[in-house]
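This report goes through one protein model in short sections. Please keep the sequence and the 3D view open while reading.

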Amino acid sequence: MKSELVKPTHLARRAVVYVRQSTPHQVISNQESLRLQYALRERARELGWHEADIDVIDADLGISGASTTGRNGFKELVGRVGLSEIGLILSIDVTRLARNCSDWYPLLDICGLRGCLIADRDGVYDPGSANGRLLLGLKGTISELELHTIRSRLTAGLLAKAERGELALMLPVGLVRDPSGVVVKDPDLGVQERLELVFRTFLKFSTVAKVA
């Protein structure tokens, strides 16, 4: 389906489909979401782009959108928008682009400055217009709130388990939990001997550097 916002100046540049999943587990287990995200190439074709003019950036698979740390794909996207290479960014929803308003609004600013449109499954938006920025701003704020809600829910669950004495954290090497949940030494004698060697050596030399 066409959009009146798409002009020849946009079609003269690239359309980019941005694909992201938050964790490696989601990449493996949620294949349907990945399929829908890659299928946005068809949406770009419907909006007027030729297949040869559509790129996919999926370098951020398995990385959270809570910040730009480690998200080389997002940084590439912003850089290419700044160079006026991109006329349209497509994402299944804005949470794929950013879940933090401090990252979201600078993207809107540079898209508005360079005349780059943003599209999701709901429609096409012009960040350079008042209405477009308002709608995209609301979507970004809601996305950030969702992230805060998810974190609060997870934290509350961890605290509740801790209060009941049921919070099971990752154990250091050499310790395991038996079937009843009690923490015991690793039954592997080889592991026990190596750990005992480390501690004996530390008692002898008294510094970690000498132990190493």
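T68 is partly exposed, with a relative accessible area of 23%. The model is a predicted one. T68 sits in the loop between β2 and α5. Apart from its neighbours within four places in sequence, T68 is in contact with F74, K75 and D103.

T68 can also be compared in position with R99. The two are 31 residues apart in sequence, and their C-alpha atoms are 9.7 Å apart in space.

## Another residue of the loop between β2 and α5

D58 also has its place in the loop between β2 and α5. With a relative accessibility of 31%, D58 counts as partly exposed. When residues up to four places away in sequence are not counted, D58 touches V19 and Y38.

D58 and G82 are 24 residues apart along the chain, and 19 Å separates their C-alpha atoms.

## The buried face of α5

Which residues of helix α5 are buried? Helix α5 covers residues 72–82, and its buried residues are G73, F74, L77, R80 and V81. Seen down the axis of α5, these buried residues fall within an arc of 130°, so they line one face of the helix. An α-helix has 3.6 residues a turn, so residues three or four places apart point the same way.

## How α5 meets α6

The axes of α5 and α6 are 9 Å apart, and the two helices pack at an angle of about 25°. An angle under 35 degrees counts as roughly parallel, and α5 and α6 are therefore roughly parallel to each other. The crossing in which α5 passes α6 is left-handed.

Which residues meet between the two helices? On the side of α5 they are F74, V78, V81 and G82, and on the side of α6 they are D103, L107, I110, C111 and R114.

How many disulfides does the structure hold? It holds 0. C101 is in no disulfide, and the nearest cysteine sulfur, that of C111, is 15 Å away. C101 counts as buried, at 14% relative accessibility.

A disulfide is a covalent bond between the sulfur atoms of two cysteines. For C116, the closest cysteine sulfur is in C111, at 4.2 Å, which is too far for a bond. The cut-off used here is 2.5 Å between the sulfur atoms. C116 is buried, and its relative accessible area is 0%.

Most residues other than glycine have a negative phi, and most peptide bonds are trans. S84, which follows α5, has a positive phi, near 60°. S84 is a residue other than glycine, and its place is in the loop between α5 and β3. At 30% relative accessibility, S84 counts as partly exposed.

S206 is not a glycine either, and its phi is positive, about 70°. Where does S206 lie? S206 is in the loop between α8 (189–205) and α9 (208–211).

## Pairs along the chain and in space

L36 has its place in helix α3, which covers residues 31–38. Is L36 buried or partly exposed? Its relative accessible area is 40%, and L36 is partly exposed. L36 and I92 are 56 residues apart in sequence, and from C-alpha to C-alpha they are 7.5 Å apart in space.

G174 is found in the loop between α7 (130–164) and β6 (175–177). G174 is buried, with a relative accessible area of 9%. Residues up to four places away in sequence not counted, G174 touches V184, K185, D186, V191 and L195. G174 and G123 are 51 residues apart along the chain, and their C-alpha atoms are separated by 54 Å.

Note on methods
Residues are numbered from 1 along each chain as its sequence is written. This is a predicted model: local features need pLDDT of at least 70, side-chain atom pairs count only at pLDDT 80 or more; totals for chains, interfaces and linings use all residues. Side-chain values use heavy atoms; hydrogens and water are left out. Buried means under 20% relative accessible area, exposed over 50%, partly exposed in between (1.4 Å probe, protein chains only). Helices (H or I, at least four residues) and strands (E, at least two) are DSSP runs, numbered from the N terminus. The arc is that of the directions from the helix axis to the C-beta atoms. Axes are lines fitted to C-alpha atoms, for helices over the stretch in contact, and angles run from 0 to 180 degrees between N-to-C directions. Angles under 35 degrees count as roughly parallel, over 145 as roughly antiparallel, 65 to 115 as roughly perpendicular and the rest as oblique. A crossing is left-handed if the near helix is turned anticlockwise from the far one by less than a right angle, and right-handed if clockwise. Contact means heavy atoms within 4.5 Å.
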